[in-house]
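The following note comments on selected local features of the structure.

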Amino acid sequence: VNFPSRGRPVAISAHSMGGLVTRRALDGVMNREPGFPPGMWVQDVVTSGTAHNGALMSGLCPPFVIRQCDEMRPASLFLLFLDKNPQGRDLTGASRSTDWTLIGSECDIVVPAISATTMDRVNTSRPEVFKKVFTRPAILAGGCLNPAADDHTETATHPAALDRISTSLGNRD
């Protein structure tokens, strides 16, 4: 809170629904929606195991009972109207670039890797949306049952997410 309110950029590492909350916050700021601050300068966002394209597991929740489950259903109105690559703004309201890194795992049974890495680059103010998928270990090595396999929780604790932010911030002018 202190950095954005002083006009200084921040980096965010978010896991699961936290990635959608971050994306929605930047979307509201970018589109100058009522109830959102005039600026939120976020240089880098890394999402790990975020259901950018929905999660089939959300279908296990009773419909219309848990709002988060409804919002994470594939093709939900929440996901359909969420900007594909929202960008930050500084306190003056000027557009600021936000780099996105999307991390998923082939062993994540909560949010499939394809959903965790399916936020397309629609906004052209950034050159790319970086995507990283941790692959399933070979069957002979135990596949997703291998203790070294990255599941839904481990995508958030894997050093690749924070390394990506550190590298990006280190390359700033």
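1. Cys144 is partly exposed, with a relative accessible area of 31%; on this scale buried means under 20%, exposed over 50%, and partly exposed in between (1.4 Å probe, protein chains only). The model is predicted, so local features need pLDDT of at least 70 and side-chain atom pairs count only at pLDDT 80 or more, whereas totals for chains, interfaces and linings use all residues. Residues are numbered from 1 along each chain as its sequence is written, and side-chain values use heavy atoms, with hydrogens and water left out.

2. Cys144 is joined to Cys107 by a disulfide, with an S to S distance of 2.1 Å; the term denotes a pair of cysteine sulfur atoms within 2.5 Å. The structure holds one such link. The angle about the S-S bond is -85°, and the link of Cys107 and Cys144 is left-handed.

3. Helices (H or I, at least four residues) and strands (E, at least two) are DSSP runs, numbered from the N terminus. Cys107 is buried, at 7% relative accessibility.

4. Most residues other than glycine have a negative phi. Arg32, not a glycine, has a positive phi of about 55°; Arg32 belongs to the loop between α2 (17-30) and β2 (42-48) and is exposed, at 56% relative accessible area. Ala75 likewise has a positive phi, near 65°. Ala75 is placed in the loop between α3 (67-71) and α4 (77-81) and is exposed, at 58% relative accessibility.

5. Leu77, Leu80 and Phe81 make a nonpolar surface patch of about 390 Å². Phe81 lies in helix α4 and is exposed, with a relative accessible area of 67%.

6. Which residue lies over the face of Trp41? Arg96 does, at 4.4 Å from the ring centre. The criterion is NZ of Lys or CZ of Arg within 6 Å of the ring centre and within 35 degrees of the ring normal.

Methods: Patch = residues over 30% accessible without salt bridge, like charges linked within 9 Å, V, L, I, M, F, W, Y side chains within 5 Å. Areas by Shrake-Rupley, 256 points an atom, 1.4 Å probe, with all protein chains shown as cover. Salt bridge = Lys/Arg side-chain N within 4 Å of Asp/Glu carboxyl O.
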